[in-house]
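Hi,

Here is the structure I promised to pass on.

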Amino acid sequence: MALADRMKQYEAAFDFTLPTSSPVILRLDGHNFSRFTAQPHFHRPFDHRIHDAMVNTCSDLLLDFFPRATVAYTQSDEITLVFPEGGVQLFNERLQKLASLAASYCSVRFNAHLAAALSSDSGAGLKSGSGSDVLLSTAHFDARFFTVPSVEEALNCLLWRCRGDAVRNSIGAFARTLFSQSQIHGKTIAELIEMMRREKNVVYEEAVPKWAIEGCLIKRELYQHDGVNPKTSQVEMTSITRTRIEERGIREFSEENLKLVTERYWNDLDSPQLTKSTTVPIVVENISVSSANKTIFGPNVYVFDPSMPAADVQAKVTAIFRQMEANEFGPERYALLFKPGTYNILFDVGFYTHVAGLGQSPDDVLIEGGVNVPAYWMPNRNATCNFWRAFENFSINASEATNNTTTIAVSQAAPLRRMHIRSSGGLWLFQVDPSTGAGGWASGGFMADSVVDHQVLPGSQQQWLSRNNKYGNWANAVWNMVFVGDLNAPSQDNFPASAYTTIDRTPVIREKPYLHITSQGQYEVFVPALQTEIQGPSWTNGSPTPGKSIPIDQFHMAQPSTASAASINSALDSGKHILFTPGIYKLDDALRISQADTIILGLGMPSLVPVSGQPVLSVADVDGVTLAGLIIDASEINSPSLIEVGPPNSSADHASNPTLLYDLTVRTAGRTKNDVGITINSHNVIGDQLWLWRADHGAGAAWDANPTKNGVVVNGDNVTIYGLFNEHHQEYQTLWNGNGGRIYFYQSEIPYDPPNQESWMSKNGRTNGFASYKVADGVTSHEAWGLGIYSYFRDSPTKLENAIEVPEVDGVKLHHLTTVWLTGVPGSEISHIVNGIGDRVYANNPESAMRQTLNEFSGSNGSRV
């Protein structure tokens, strides 16, 4: 390819376009304006010349640059424009070109208007050589475009800018001119207004210009006047287009205010223009961070609002991390939920902490600073025990404090869903050990339905499943990276040197339900629709994720202090869904889900524990059940199965409305026991990020102290699992008896702790060990992609004959298989990869002794590549 063509191809790879099917919002934001306005030339806290320049810039944008925008709103150093008809209808909707031109045009026009205002102001004191030339070139703006699903949401965007940030920012700015920072720290809006009145005898509403309180709305107006026709020299009535400014914001959602978005001219609204003498009442929400955990969700759920002082939110989330950083087996559970808005905070996330945005879109909530998972608590930044945390439905823009990089150094049970990582340094899936400069270990993770604007750097991350994501590029692989339905996944052509397995489209999925809050302040659970043969995230094509919302009153809210199996079953029988709030629930009976489309949703990683030898969850053979976001803990009383999906011999076809299992940990920790983690009897079940874990460490974890047989037993047909993490059980980790099964990404460490070879023999003592992945002999169709099986025989020189055992029939196909000897007692090994094929792994050196791979295995004659 010619040089010019190559360069153009590189450019085109990131030349995204805005959709023309949805309304578009343009937000322009002054960059470093606090430093700019600190110049002695300006009045504090509100300089009318800056405000006038902002208003005039809005007029320029409407009249000269963006003819399809219908309304502009400005307050402080921000401008919002709305394009209700779909797309901007310029430059073929090319996003980079539109954003760069919008930012540069805004910067140029603002500086021109401000220069004119300062030059005409005799009190400005700007003289040649005074630095005015430098001052007037330092104001600049950034720009971002995004879509909303409807004109109603476009109005809600304006409401968000007017109701929250505008009033809060103006009150804070004015208070800083009257009090010291220490005096106003931690004060609510209402407290600041009262301090002004009580201590300074200042009535805020009277002392501050209305435009500083509420901002201004700008729209075009058709103006009729007498003009001379140059052809006839006759005086005729003619119309010109100009802008008119109203010094007000938007307080409520109404049909009249909706017309602000949909109509092109003030004339179409018949809206009386307000005058500067009008008094605008201040509506103040007295919101303190102390109220964050006093919602319907109970004391372990913190619902943060952007009007809460950022320092207080920062202090709370930091305190929770300090409590949870190393709390691997503790009883505490938390959910940190963020209402739509921007939060200038930077925090880390520890064990049993669920962080989620409450918007309809991930971009409705922005953490402007960062959210990270470090591995400080383990030696050498080892993240192999960073389990049990979740990230969902918000965006992150990392600050310079973390080198503009988002770090999520995790292993199992730490899913990222519906995330937008905007950080210019990208997303790192590991953490560097500063003492050595090497990457700390990290072992397995999951990301779905997300966007990373820049690079994903796995570094030392050993394995990962990426499903329906979009990213700048994926930097490297170690042992097993699987991509299903990603938009720009790396090529798998160089496997195993580059350990990538790429599947172009996701065959069938319904994204995980999530909690959100409406513009009227009501909580709902959004349930995405079932989709087939899809590629990329569900929310990035100019339209929202398809699906439906269910009001929160249709959910039974389970609290650990009051819930019982009887009360939850009663709610299920009455047709309620169940939302488990954070905590530990000891249940003396199975929870029986007998109605189709029932949702069982966990908030804050709740643990359900059976104490009567029954399953925790027993699902009838019905359509469309959802189990999501739960930890299922075994107890001292043995359960044959901890989750049972469908009774034995289930036969119904659920292809059009399958049951979905999301983000489930089934855990057999020390001094507990069960036979099987999850038994799937129903057909067409879909799993999405499942971890079945017999504990290999922690108090009471030992061969005879926490016994289990199998992690998963699949008896149903046409079952699909994306991301199966299945480890340390004492017989087959996975036993697949049904036909038509599909699995995309498998990670399995076989048990560490057989005391001797005799304790771990299959097939009536004839075969060393139990295969990790066992497809039953009678199965005639099965397919799997990206299987990794790992050994660390810690306690004896144990051998495993085959990592995988499958019937050698035409319908069974395996793609990209890996075995690895992590470490272990000398003499231990995995002898073969599958059915006697593949060399053994038994040591760390040479490399072939540590890792063996097989590209393909299929066919009745056991053909392999």
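There are six cavities of 30 Å³ or more in this predicted model. On a 1 Å grid over the protein atoms alone, a cavity is a set of points where a 1.4 Å probe fits but cannot get out, and lining residues have an atom within 4 Å of a point. A volume is the space filled by probe spheres set on the points, which are joined across faces, edges and corners.

Before you dig in: residues count from 1 along each chain as its sequence is written, and side-chain values use heavy atoms, without hydrogens and water. Local features need pLDDT of at least 70 and side-chain atom pairs 80 or more, while totals for chains, interfaces and linings use all residues.

The largest cavity holds about 170 Å³ of space. Its lining has 19 residues, and Ala390, Pro415, Met605, Gly629 and Asp663 lie nearest the centre. Strand 13 gives the most, four residues (strands are DSSP runs of E, at least two residues, numbered from the N terminus).

The second largest cavity comes in at about 80 Å³. Here 13 residues form the lining, with His354 and Tyr514 among those nearest the centre. Strand 11 supplies the largest share, three residues.

Now the cysteines: there are zero disulfides (cysteine sulfur pairs within 2.5 Å). For Cys58, the nearest cysteine sulfur is that of Cys106, 7.5 Å away.

Cheers

Notes: 1 Å grid on protein atoms, 1.4 Å probe; cavity = no way out; pocket = protein on both sides within 12 Å on 5 of 7 lines; lining within 4 Å.
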